[in-house]
There are 2 protein chains.
Amino acid sequence: MSKPYVLGIDIGGTNTVFGIVDARGHVVSSDSIKTRKHSNFDDYVDELHTEVMRLLKLNDAEDKIQGIGIGAPNANYYTGMIDNGVNLPWGNNIALAEKVSRAFNGVPVAVTNDANAAAIGEMTYGAARGMKDFIMITLGTGVGSGIVINGQVVYGHDGFAGELGHVIIKRNNGRICGCGRTGCLEAYCSATGVARTAREFLEIRTDPSTLRDIDIDTITSKDVYDAAMAGDKLAKEIFEYTGKILGEAFADMVAFSSPQAIILFGGLSKSGDLLMRPLVDAMNASVMPIFRGKTKVILSELKESDAAVLGASALGWEAKYRAETSAPAPAVVMPAAEAPVGELS
Amino acid sequence: MSKPYVLGIDIGGTNTVFGIVDARGHVVSSDSIKTRKHSNFDDYVDELHTEVMRLLKLNDAEDKIQGIGIGAPNANYYTGMIDNGVNLPWGNNIALAEKVSRAFNGVPVAVTNDANAAAIGEMTYGAARGMKDFIMITLGTGVGSGIVINGQVVYGHDGFAGELGHVIIKRNNGRICGCGRTGCLEAYCSATGVARTAREFLEIRTDPSTLRDIDIDTITSKDVYDAAMAGDKLAKEIFEYTGKILGEAFADMVAFSSPQAIILFGGLSKSGDLLMRPLVDAMNASVMPIFRGKTKVILSELKESDAAVLGASALGWEAKYRAETSAPAPAVVMPAAEAPVGELS
């Protein structure tokens, strides 16, 4: 018999949020720990395990977890490792799936990066239900992407496919990007990109703006949004600039996989028409005639506070990787659903 | 019992080539007709049928065809139609699969565009055997692409995915493209694109070149190749320019699907190191660090004279669409292998 829950874990740069999720995408209960409290990964996993077990006990769910899904920066679906997880304190080549599965006595674990997790969450519980071809774009501190084709997440031959925040949208004199190159989409259309655009506009231009009342080095995309909503012309133009670049980049993505929809997620996606109108206009103007008007641009339908955990959890239903444990291990032939959970330490 | 052959049909702007192909990718026999002889599509299909039947009889293969695969510009895998087949004389919305299947008494037919057919051929019989993730780029009069992810051709939600010749590589002041937009990869890196680059270079620059001995309006990519091979500096720089643009575009494609290989096919791909060296250099310099050195750029292993037919034929093995025919039709429950072939007219 299938167990009724999965565990979703979202490892962010600041917090690690985890939740118990049922088959309908309802987060039964959730909690979090600080990601950076332990510089040693084993100590981190110990604390994660302790806190998760506490949550499971509270919900009488210790033996009801079918699998664990984890979303984390640069986590690799194929290897179960975090490679070059630049925002995380544990260095490279972290055996994420293996160590978490071992801590939980062999419960199957699947991992992927946060944007792929968001795409899976959207497909399982959100705006992409019933869609076989779509692209998830996360507009946060960076620009992430999760691509779904024929109903499957695109991992590529090495597990790292779907880095659409790092297509080059400015070939000459582009902005430096965190990835070490120049001109990446992320350097323009992330929350930080919007703040950079604001600084550029304010330095180069002379027209008045309420943004000039803010210390230029501390301006955030939220400041730009607030100013634009209050009618500031320069702030509005920053969103037009951002939306146009996004729309042009989306036109190239459509030429690749002709998705039914591009789904936006993350703080910046909530800018409403300020961003969406110039984005859709530029996309329609830029896309190949054969695709014109076919690909919708829509917003995520997942509640932001739940979305990361939901996305990760959705991966838990299909998790297969099991660490060998010293505790009585489930036989290899035993179906995943019968794996003992929560009998540990 | 499975029938031993499929029929591959490649509908080009000038010739329609068809061949009988066995399961090992051997073209048993092939022939061709002129694509533009009939402006009425039904007349074209009549002649195609007559000539194919003649070839089948010659090879004692009238009842040995399991399916028919057709590659044609803008042919849609989902609908079986040719939409906007600009290079073809029959107008829009041609019911290609239906009419061919009907002419052949209900033999199952599958259609796709020529670049997808090339990708399927490469996967079935060529350089991509055993690869699950690769991109086929055809460098001919235009730039076409066929994308394979998880072992499946990417058709997108509407059947038109994989138009990588029409990603924008020059956002401002780009060359006009046949698709109606500006700055497309195809306008720079097709055979015609190379000829355009030659004309641009010759007009803008003053340095000597043997290309100046040719009427500038008649220069072809072959002329540029010959001049470069003979040591002409300007001609070599045209290939460097072309290769650099291709390599930069490939870097963005890698960020999308992280393929194991990008496979080049078509006349221009045979330019050897003239094109390949600047291409691979630019790709390695442009690609995100996480992908560097991982995606191979290799040449098609299909013999060019056979490749188009082979690619189309590979689709024939999985063809499912059957037109209803007035002749005694195979029962719906009858397996595809038992469909009568060649009993018509």
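These legends describe close-up views of a predicted model. Local features need pLDDT of at least 70 and side-chain atom pairs count only at pLDDT 80 or more, while totals for chains, interfaces and linings use all residues. Residues are numbered from 1 along each chain as its sequence is written, chains are lettered from A and ligands numbered from 1 in the order in which they are written, and side-chain values use heavy atoms, with hydrogens and water left out.

**View 1. Strand 1 of chain B and its burial.** Strand 1 of chain B covers residues 5-11, and seven of its seven residues are buried. Buried means under 20% relative accessible area, with exposed over 50% and partly exposed in between (1.4 Å probe, protein chains only). Strands (E, at least two residues) and helices (H or I, at least four) are DSSP runs, numbered from the N terminus. Tyr5(B), Leu7(B), Ile9(B) and Ile11(B) point one way from strand 1 of chain B; Val6(B), Gly8(B) and Asp10(B) point the other way.

**View 2. The strands paired with strand 1 of chain B.** Strands pair if DSSP finds at least two bridges between them. Strand 2 of chain B (residues 15-22) runs antiparallel to strand 1 of chain B and is joined to it by seven bridges. The two form a hairpin with three residues between them, and Ile9(B) has Phe18(B) as its bridge partner in strand 2 of chain B. Strand 4 of chain B (residues 65-71) pairs with strand 1 of chain B in the parallel sense over five bridges. There, Ile65(B) is the bridge partner of Tyr5(B).

**View 3. Helix 5 and helix 7 of chain B.** The axes of helix 5 (residues 191-204) and helix 7 (residues 233-257) of chain B come within 10 Å and cross at roughly 125°. Axes are lines fitted to C-alpha atoms, for helices over the stretch in contact, and angles run from 0 to 180 degrees between N-to-C directions. Helix 5 of chain B and helix 7 of chain B are therefore oblique to each other: angles under 35 degrees count as roughly parallel, over 145 as roughly antiparallel, 65 to 115 as roughly perpendicular and the rest as oblique.

**View 4. Helix 3 and helix 9 of chain A.** Helix 3 (residues 114-125) and helix 9 (residues 304-316) of chain A pack at about 80°, with their axes 7 Å apart. Helix 3 of chain A and helix 9 of chain A are therefore roughly perpendicular to each other.
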